[in-house]
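Hi everyone, thanks for making time.

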Amino acid sequence: MSKDGSVHIQGHYALQPDSPIALKSALSVRYEKHDPTSLDVEILFLGDETERTEAYSATRAIDVNLLKLHPMNKGEDSINLLGIAGWQSSLTSMTLEVSAIEVGIDREAANRPIQVHFSVGLQPSGILKSYGSVEFHYNGDITTKRGEEGAILVETSLGQIEAMASYDYLDGAAFGDKVVHRVERARLSGMVEIRAGETLRSLHDRLQEEILTICAALSLCYRQPVDAYEIEYLLRESESDRFERAIYRRKWHKSRARHKDNELIHSTNLQNGGLSKLVQALKTHPESKSLDRGIGFLTHSYVSFLETGYFMAFSAMETIVNAVAKDSQGALISSSAWKKVQKSLRATFVELTNQGLISSEAAKQMSDKIPEIRRASLASRIDMAVKLYSVKTSDLWTAEGFVEGMKRASEFRNGLFHAADTSDGGLMSVDLTRIRTFTERLLLSALSWPEERRWVWRDDSLHRIIQPADPSIGSEESS
């Protein structure tokens, strides 16, 4: 990486190393270290006219999932181009739109234990910091004062992973004057040993699984999607050896900036094992995949337009209600009993048709809806979840009450889904805040996340909604 943050990877590679015509090429990969949207890939075809023509013809059969480039020089790393969305090719060169690249990930199995340091770049930045202040001085000094300091560690199958805010410094210029850019980054880091016989690829696959859960937990904490765009590995077999580097890099369509809303769980609540506890709760929950999906819907609702955000938040609520209240749905009858009930209902519709009370078309339409009867209504499932986890609801719809408020919110959702009805955007906006708040409370209760580890200002948006006072204040009643 250059001092201004630009990265340029180049080398000579073969597309078909084991074929009579190896399809030799020169590769150029460029990106900006701190810009997830930058990743430019160009391949120049080498050799005589016959070889270049063969390479051009081969581009018509590119595997869009994986294009593997084999190094022509011994000791260099292979490069994988992943998720090829498009390319332009001529008889001399080809430019590609790729979703990600891997440099040096496919290495041979280790002959002896290798120490691997890894660093994972996340966005948005501005997370994982304790509260404090920064003073900038005319002589270039920067004084930082922090509140509660403490490492944010996560226990994983690979050992401890630390989540932190870090800083890089890049050279630049402004109107002829030298500038040093201070780039704040959110990242995960750790160290692991690859044992003899193991590969970096197996470590990479395991690390990505751990990162997914950690990012889901951080997304929940900061109420917006948190994701990784880069993983960098530094490998060294012994103290006397030099470090070798391997990189995984994704390309995003848009960078992610920290929004201004208060977080749900502050970084100080993630210290002293807090983040590790949250990650483990997500991992070990019986419906962990549903919770991950619900968190994805919920956090994307914070960075979407009103209509999209409302639909995603409502979908998140339904997903999480179904997941956490699954064991409480005793009202649903068994399969054997349902077969008998369904048969009787269909026979009743036939009898009513024969008596002339309903038309055959109406009977058919009602029969088609019979399967919906077996499933508890959304209102019933929400009620089950509220009682099961003692979720506070009294401050959500203080005028009409929780049941009526949720009924209206459901009508908004149905109108939005079935008829694209957005007639009352103001009311939809405040109901969106209520749905998010309820969903977050239910999820944290289901994960047994303690009240004292929730950010004190988390309900600030809810409190700004103009409505009557919470009727439960001053009483022991909470829902």
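So, H2 and H5 cross each other in a left-handed way. Keep in mind that we're looking at a predicted model. If you're new to this, two packed helices are described by the angle between their axes and the distance between the axes.

Let's do that for our pair. H2 covers residues 200-222, and H5 covers residues 288-301. Their axes sit 10 Å apart, at an angle of about 40°. Because of that angle, H2 counts as oblique to H5.

Which residues make the contact? From H2 we have Ala-216, Ser-219 and Leu-220, and from H5 there's Asp-292, Ile-295, Leu-298 and Thr-299. Sort the contact of H2 with H5 by class and you get four nonpolar, two polar and one charged.

Okay, on to the next pair: H6, residues 306-324, and H12, residues 425-446. Here the axes come within 9 Å and cross at roughly 30°. The cut-off for roughly parallel is under 35 degrees, so H6 is roughly parallel to H12. The crossing of H6 past H12 is left-handed.

Who's touching whom? On the H6 side, the residues include Leu-306, Tyr-310, Phe-314, Met-317 and Val-324. On the H12 side, look for Met-428, Leu-432, Arg-436, Phe-438 and Leu-443, among others. And how do the residues of the contact of H6 with H12 divide? There are 16 nonpolar, four polar and two charged.

Methods
Residues numbered from 1 in each chain as written. Predicted model: local features only at pLDDT ≥ 70, side-chain atom pairs only at ≥ 80, totals over all residues. Heavy atoms only, no water. Axes fitted to C-alpha atoms, helices over the stretch in contact; angles between N-to-C directions. Helix = DSSP H or I, 4+ residues; strand = E, 2+ residues; numbered from the N terminus. Parallel < 35°, antiparallel > 145°, perpendicular 65-115°, else oblique. Left-handed = near helix turned anticlockwise from the far one by under 90°. Contact = heavy atoms within 4.5 Å. Nonpolar A, V, L, I, M, F, W, Y, C, P; charged D, E, K, R; others polar.
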